[in-house]
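Me: I would like to learn how to read a model like this one feature by feature. Could you take me through it?

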Amino acid sequence: MGTGVKERPKRTLRPTKPFIPDLVYFEPDALNYSKGVKIMEWVKQNNIPLRMTTSHNRITNLPGDTDLEKYKNAKRTLVVGVRKTLEFDQSKPSAEYAIPISTGCMGHCHYCYLQTTLGAKPYVRVYVNTEDILASAKRYIEERKPQITRFEAACTSDPVGIEHITGSLADLITFMADEEFGRLRFVTKFHHVDPLLKLKHNGHTRIRFSVNSDYVIRQFEPSTSHFEERIEAAGKVAHAGYPLGFIIAPIIWYDGWEEGYADLLARLEKTLPKDATSDLTFELIQHRFTKTAKSVIEQRYPKTKLEMDIEKRKKKWGRWGQSKYVYPDEQQTALREFITERIFEHFPSANIDYFT
Ligand code: SF4
């Protein structure tokens with residue numbers, strides 16, 4: 001098909017299994033909700049060690065002798081609690097609000113911003129009071145109507161990776177299906193979308209997959225689904241009628257980036273079923289880091305090849321007075337222009353929502 005897809009040796013990839021935590025903590029109040037009771041049954045059926053905790057905010061006795069061991073164990077620990085704060089944070093530029101259903105993730109992406117934003121709580125935490133959360137969403141929709149209000153469900157976790165435990169995305173999707181002025185969106189690096197395929201969604205939920213060049217996925221995204229799995233899942237959700245999107249993030253400058261990103265777009269075109277591309281969006285996010293993130297990443301992934309050389313970056317001030325490091329303007333422009341051209345070469349009718 002002359003798409004410029006690089007020939008590569010055949011790899012045998014083991015399927016990425018759904019997440020089963022090594023340890024689960026429960027807030028007693030979580031058992032006052034049907035979702036909490038269901039998760040408890042699941043934990044018992046799977047014989048997962050269980051502890052009770054007074055607060056999902058204070059898990060202090062995670063197993064492990066060193067900070068690194070504790071961190072790794074936290075990533076395999078599930079905490080089940082009740083969301084008390086029902087005010088939503090803003091979620092620019094992809095949506096108006098972040099809808100809080102979970103925090104933390106079992107993935108080990110070196111660059112993940114949750115490493116700093118979640119601070120001492122890297123465990124996977126899920127909330128069981130979905131009805132309260134949806135009641136808040138409804139209030140936000142009512143306040144803004146007739147403008148559309150978009151909710152992002154993946155600001156603080158990867159909710160697809162834990163959907164088999166919570167079913168929360170299914171609740172959100174079916175709720176939003178009936179909301180004339182509400183929309184849901186989320187992004188994932190996991191392929192476990194089967195429970196979502198038969199739901200009523202009315203086209204009100206956009207599912208995006210996070211993709212990247214082969215080099216970036218292999219070097220920096222351990223414990224997530226393979227590229228091939230993500231693309232197969234993208235085809236499935238598009239067949240199920242969901243609006244589909246891709247987030248290319250973080251876009252990383254490395255030796256061979258042009259070839260890597262050209263190959264990514266060529267492979268996407270080759271692999272995606274044609275009918276999956278009719279309403280396609282792309283979001284482009286360059287790699288950025290803060291000084292705090294750099295030091296946390298260097299402790300947790302000491303052998304990482306992630307380049308975080310402040311001398312080679314441009315300082316950018318954030319909305320809350322904190323600074324982060326992005327690529328200098330010239331590099332940003334080169335990345336943006338090159339990737340934009342490749343997107344339109346392979347998907348002429350796609351929309352690029354933003355580059356940031
Ligand atoms: S999959 Fe997403 S949320 Fe999970 S570690 Fe990777 S970047 Fe972070």
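Me: Where is the place of Met 308?

Reply: Some ground rules come before the answer. Residues are numbered from 1 along each chain as its sequence is written. This is a predicted model, in which local features need pLDDT of at least 70 and side-chain atom pairs count only at pLDDT 80 or more, while totals for chains, interfaces and linings use all residues. Helices (H or I, at least four residues) and strands (E, at least two) are DSSP runs, numbered from the N terminus. Met 308 sits in the loop between α10 (291-300) and β13 (314-317).

Me: Is Met 308 buried or exposed?

Reply: A residue is buried if 20 or more other C-beta atoms lie within 10 Å of its own, exposed if 12 or fewer, and partly exposed in between, with C-beta atoms placed from the backbone. Met 308 counts as buried because it has 20 C-beta neighbours inside 10 Å.

Me: Which residues is Met 308 in contact with, leaving aside its neighbours within four places in sequence?

Reply: Contact is judged by C-beta atoms placed from the backbone, which must lie within 7 Å. On that basis Met 308 is in contact with Phe 289, Lys 294 and Ile 297. For Met 308 and Phe 289, the C-alpha to C-alpha distance is 7.4 Å, and they are 19 residues apart in sequence.

Me: How many residues does the largest nonpolar core have?

Reply: A nonpolar core is a set of buried Ala, Val, Leu, Ile, Met, Phe, Trp, Tyr and Cys residues joined through C-beta atoms within 7 Å. The largest one here has 81 residues, and those with the most contacts inside it are Val 80, Ile 99, Ala 153, Leu 172 and Val 237. Helix α8 gives the most to this core, with six residues. As for Val 80, residues up to four places away in sequence aside, it touches several residues, including Val 24, Phe 26, Ile 39 and Val 128.

Me: What is the order of the five strands in the open sheet?

Reply: Strands of a sheet pair through backbone hydrogen bonds, either parallel or antiparallel. Two strands count as paired if DSSP finds at least two bridges between them. The order here is β2-β1-β3-β7-β6, with mixed pairing. At the edges stand β2 (50-52) and β6 (102-103), each with a single partner strand, so one side of each is left without a neighbour in the sheet. Strand β3 (residues 77-81) and strand β7 (residues 124-127) pair in the parallel sense over four bridges, and the bridge partner of Val 79 in β7 is Arg 125.

Me: Which strand pairs with β13, and in which sense?

Reply: Strand β14 (residues 323-326) pairs with β13 in the antiparallel sense, over four bridges. Trp 317 stands opposite Ser 323 in β14. The two strands form a hairpin with five residues between them, and Gly 321 in the turn has a positive phi of about 80°.

Me: What should I look for in the backbone angles?

Reply: Most residues other than glycine have a negative phi, and most peptide bonds are trans. Asn 202 has a positive phi of about 55° although it is not a glycine, and it is found in the loop between β9 (182-188) and β10 (205-211). Asn 202 is partly exposed, with 14 other C-beta atoms within 10 Å. Ser 223, also not a glycine, has a positive phi of about 65°. A cis peptide bond joins Lys 92 and Pro 93, with omega about 0°. The bond from Ala 249 to Pro 250 is cis, with omega near -10°; Pro 250 lies in strand β11 (residues 244-251).

Me: Which residues are around the ligand?

Reply: A residue is near a molecule if its C-beta atom, placed from the backbone, lies within 6 Å of it. Those around the ligand are Cys 105, Gly 107, Cys 109, Cys 112, Leu 114, Asp 158, Lys 189 and Thr 224.

Definitions and conventions. Contact = placed C-beta atoms within 7 Å.
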